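Thanks for coming, everyone. Let me put the model up, and then we'll walk through it residue by residue.

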Amino acid sequence: MRRPLDPLPWLSELPVSRQMCLAALAGLITSLGLAPFGLWPIALVALACIYLMMLSAQSRRSAALIGWAAGTGYFALALVWIVEPFMVDPWRHAWMAPFALFFMSAGLALFWGAAAGFAHGRGRLAFIGALALAELARAHLLTGFPWAMLGYLWSESPMALYAAYIGPHGLTLLALVTAVSLATRPARLPLTGNLPLLAVFAALAAAPLLQKDTSAPPDAPFVRLIQPNAPQHQKWDPAFVPIFFERQLAFTRAPSLTGPRPDLIIWPETAVPWTLGRAETALNMISDAAGDVPVVLGIQRFDGPRLFNSLALLGPTGQVATVYDKHHLVPFGEYIPYGNWLARFGIRGFAAQEGDGYSAGADPKPIDIEGVGSFTPLICYEAIFPAYSAAFNQTATHLLQITNDAWFGEVSGPQQHLSQTRMRAIEQGIPLIRAANTGISAVIDAQGRVLASIPLGTAGFIDVPLPERLPATLYSQTGDWSALALILLLLAASWQRTRTERRHHIESR
C-alpha cells in the first residue's frame, strides 16, 4: 500500500501566484533533462516536485494554474531557440522574439494545465494518465508539435533504447511513473511499496543488454555528408551565395580522406541557391564535381505559382532522377495557416519566403538508389514526427534527413533536433543519415549512436560507411496505439477508484 506525501503545508498556504512561480521554476529545471544538458536525474526530481505542487493545490482551478505555470517554465527553456530566427534580421524582428517565446510556451502549457485540472483530486494514476495524454495530444492536434516531449528526458540516458519497444509516448509514461514514485512513500513494506521505482532502476541496469552490433559490413557503401556552414543572415546574400556554392562543389570533388570514393553525396536543405527550373547550369556543375556519384540535395522549386521545399536526387549524368517535396510544413515559418484566406486582407509577410510561403507536397515515397539502398526522405521538421520515419519501415534501409538548422543558432535548437532524430533511428531500428547546413551533420546507427559527425558551426565533409538496419522493432509495428491504450487504462482505473472511494464516503456518512 502506498500513499502520496502529505501536501506541503507551507506550500498550500502560499498565494497561488507564488505557487505558480515555484511551479514555473520546477518546470524550467525539468527541461534540463533535454539536450544539450542531458541532466535527466535532476529533471525527474523536478518533475516529482511538480507532482507534489499539483497535489498541494486547494482547488481544481489552482491545480490547473500550477500545471500551466510548470508547463510554461518547461517550454520557455526547452524552446528558447525559437528566438534565433528573429535575430537573423534583428533590426526588423528582434522585438517580436520575447513575445513569440512567451506565447508559444504559454500556449503549449495549456495542455499541462488542462491535465493538472483534470487530475486534481483523482490520484496519481490520473496525474500520470492525464499528463501523458496531454503530451500525446499536443503531438497530433493542430498539425502537431511533438518537440521536447517528456519522453525525451530519457534521450541522453541508457533508457532511450526502450524507444524501440514503447516509443516516445511510452517513455513519457515511464518518466511520469518515475517522478510520481519519487514523490510517493510506502505506508508499509517499503521494498514492495517501491516496486515501480525498483523496476525503473532494473530497466536502467538492463539497458546495456539491449545494445546490438550494427557496424557496417566490409562491403558497405560510403556516404559523404556536405556541411557548408552558411549562416542564415548570409545564406541568401548575393555576395556570399557564390562562396557557399563553390565551397560545396569543392567538398563534393575532394578526394576521400578515410577510404574509397563515396557511393552517395548528400547536400543539406536548400543547399542550391536557385530554383530547380533555373538551376541547369548549377546542376551540371554539381554533376561534374561528383563524377559518376549520385547526389542528394536540397533545392526549392516552382510548380506554376506554388513553391515547394524539395529534395532532389541527381543521377550520375546530371539528370534529376527523383524529387520529393516536403509535405509537413512549419506553421508560420514556412506557410501561414489559412494563408489564401488571409491574403485577401493583405496578410502575407509571416512566412519564411516573404509571401504565401511553401506549398505542401504529396505523401512521401521511398527513394531507391542503386547499389546504395532505399531511403525514407525527411526534410528538417519532418524528422520530429515518429510516424514519418515509419512510413517505409519494411522496405527502407536508411532514414535520410536534410536540414537547415542555421535558423536556430548554435546552442539548444540544433542539439535537440539531433537528439530527436536519434530517437527516430532507435524507434524504427533503421540508421539515419543527416546533412545539415551549419550542423550537426551525422551518421547515426540503428540504436541511436552517432558514428561520425561534423560539429556545429564548422564547414567540412565526412565519408562514412553506411551501417545496417535491424529487424523491424516492436514500436515500428504497433506505433503509438499501445501507449494510448495504456494511458486510457490508467485513466479508467483512476475513474473507477475515485468512484469507489466516493461511494464508500457516502455510505460511511
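Start at phenylalanine 111. Its relative accessibility is 23%, so phenylalanine 111 counts as partly exposed. The cut-offs are these: buried is under 20% relative accessible area, exposed is over 50%, and partly exposed is in between, with a 1.4 Å probe and protein chains only.

A word on the source. This is a predicted model, where local features need pLDDT of at least 70 and side-chain atom pairs count only at pLDDT 80 or more, while totals for chains, interfaces and linings use all residues. Residues are numbered from 1 along each chain as its sequence is written, and side-chain values use heavy atoms, with hydrogens and water left out.

Back to phenylalanine 111. It is found in helix H6. Helices here are DSSP runs of H or I with at least four residues, strands are runs of E with at least two, and both are numbered from the N terminus. What does phenylalanine 111 touch, not counting residues up to four places away in sequence? Ala134, Ala137, Arg138 and Leu141. Contact means heavy atoms within 4.5 Å. Phenylalanine 111 and alanine 64 are 47 residues apart along the chain, and their C-alpha atoms are separated by 9.7 Å.

Leucine 110 is also in helix H6. At 54% relative accessibility, leucine 110 counts as exposed.

Phenylalanine 103 is found in H6, and at 56% relative accessibility it counts as exposed.

Now helix H4, residues 60–78. The expected span of a helix is 1.5 Å times one less than its number of residues. The 19 residues of H4 should span 27 Å, and the end C-alpha atoms are 27 Å apart, which agrees. Which parts cover the buried residues of H4? They include helix H2 (16–30), helix H3 (40–56), helix H6 (97–119), helix H7 (124–138) and helix H16 (412–428).

Take alanine 70, in H4. Buried or exposed? Buried, because its relative accessibility is 0%. Leaving out residues up to four places away, alanine 70 touches Ala23, Ala24, Gly27, Ile50 and Trp112. Its C-alpha is 8.3 Å from that of cysteine 21, which is 49 residues away along the chain.

Next, the core. The largest nonpolar core has 78 residues, and Leu79 and Phe127 have the most contacts inside it. H3 gives the largest share of this core, ten residues. A nonpolar core is a set of buried Ala, Val, Leu, Ile, Met, Phe, Trp, Tyr and Cys residues joined through side-chain atoms within 4.5 Å. Neighbours within four places aside, leucine 79 is in contact with Leu101, Met104, Leu108, Phe145 and Trp147.

On to H16. Of its 17 residues, 16 are buried, so H16 is largely enclosed by the rest of the structure. Just after H16, glycine 429 takes a positive phi of about 70°.

Last, charges. Side chains of opposite charge can pair when their charged atoms come close. How many salt bridges does the structure hold? Nine. A salt bridge is a side-chain nitrogen of Lys or Arg within 4 Å of a carboxyl oxygen of Asp or Glu.

Arginine 422 and glutamate 156 meet in one of them, at 3.5 Å, N to O. This pair links distant parts of the chain, 266 residues apart: arginine 422 sits in H16, and glutamate 156 in the loop between H7 and helix H8 (163–182). Arginine 422 is buried at 18%. Glutamate 156 is partly exposed at 37%.

Arginine 434 pairs with aspartate 405, the closest N and O atoms being 2.9 Å apart. Arginine 434 lies in strand S11 (residues 432–436) and aspartate 405 in the loop between strand S10 (398–403) and H16, so the pair ties together parts 29 residues apart in sequence. Arginine 434 is buried, at 0%. Aspartate 405 is buried too, at 0%.

That's the tour.
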